[in-house]
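The sequence and the structure come first.

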Amino acid sequence: MTGADRVKVTPQGQPLSGYGVGDDKTVQDLMGADVAIAWTGTAGKVTGNFPKVTGFTGFSDTPAEQEGHYFCFELDEQYEGQKVTVIGAHQKTAQDRRWVIRVDELYAGSKKLTVKVGGAVIFTLDFTGATLAA
């Protein structure tokens, strides 16, 4: 199974109401239409343009996290009901298939995101090829 079988970039126009980040944004507010993942097995390379977003209060109560660049993704249905751990600059575990992460924090480190289910890595994403607007 490849990464492409496990995750997809959330499509443009998708409201983020089901992603736990408020109801006032859609995917095109957060990511360019050209955002894509090129896969080699379970290692993905993210490319495309990410606009700088401000005032994203649905993402966080912390003012510093309400501004930046965000990536939206959805795990395959096979992960429904399972605990998922997303590891980047921080680590978060939740029983959720839909995620929005703040890309800026990845740029302070390896620029990579790892996703695990049941303790096993299901894929990694490398953001070094992404373009973050100023």
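E80 is exposed, with a relative accessible area of 52%, where exposed means over 50%, buried under 20% and partly exposed in between, with a 1.4 Å probe and protein chains only. The side chain of E80 meets that of R97 in a salt bridge, at 2.8 Å from N to O; a salt bridge here is a side-chain nitrogen of Lys or Arg within 4 Å of a carboxyl oxygen of Asp or Glu. This is a predicted model, in which local features need pLDDT of at least 70 and side-chain atom pairs count only at pLDDT 80 or more, while totals for chains, interfaces and linings use all residues. Residues are numbered from 1 along each chain as its sequence is written, and side-chain values use heavy atoms, with hydrogens and water left out.

- R97, the partner of E80 in the salt bridge, counts as buried at 7% relative accessibility.
- R97 lies in the loop between strand 6 (91–94) and strand 7, and E80 in the loop between strand 4 and strand 5 (84–87), so the pair ties together parts that are 17 residues apart in sequence; helices (H or I, at least four residues) and strands (E, at least two) are DSSP runs, numbered from the N terminus.
- Salt bridges that share partners join E74, E80, R97 and R98 into one network.
- R98 is partly exposed, with a relative accessible area of 28%, whereas E74 is buried, with a relative accessible area of 12%.

**Another salt bridge, and the count**

- K45 and D126 meet through their side chains in a salt bridge, at 3.9 Å from N to O.
- This pair links distant parts of the chain, with K45 in strand 3 (residues 43–50) and D126 in strand 9 (residues 120–132), 81 residues apart.
- K45 is partly exposed at a relative accessible area of 36%, while D126 counts as buried at 16% relative accessibility.
- By the rule used here, the count comes to six salt bridges.

**Loop residues**

- D76 is found in the loop between strand 4 and strand 5, and D76 is partly exposed, with a relative accessible area of 32%.
- Not counting residues up to four places away in sequence, D76 touches D5, R6, V7 and R97, a contact meaning heavy atoms within 4.5 Å.
- The C-alpha atoms of D76 and V7 are separated by 5.5 Å, although these residues are 69 residues apart along the chain.
- T57 lies in the loop between strand 3 and strand 4 and counts as partly exposed at 48% relative accessibility.
- The C-alpha atoms of T57 and E77 are separated by 28 Å, with the two residues 20 residues apart along the chain.
- K111, in the loop between strand 7 and strand 8 (112–117), has a phi near 65°, a positive value in a residue other than glycine.
- At 27% relative accessibility, K111 counts as partly exposed.

**The chain as a whole**

- The protein chain has one helix and nine strands, and from the N terminus on its elements run β-α-β-β-β-β-β-β-β-β.
- The radius of gyration of the protein chain is 14 Å, which agrees with the value near 14 Å that a compact globule of 134 residues would have; this radius is taken over C-alpha atoms, and the globule rule is 2.2 Å times the number of residues to the power 0.38.
- Taken along the principal axes, the C-alpha atoms of the protein chain fill a box of roughly 35 × 30 × 30 Å.
- Of the 134 residues of the protein chain, 40% count as buried.
- Among contacts in the protein chain between residues at least 6 apart in sequence, 56% join residues at least 24 apart.
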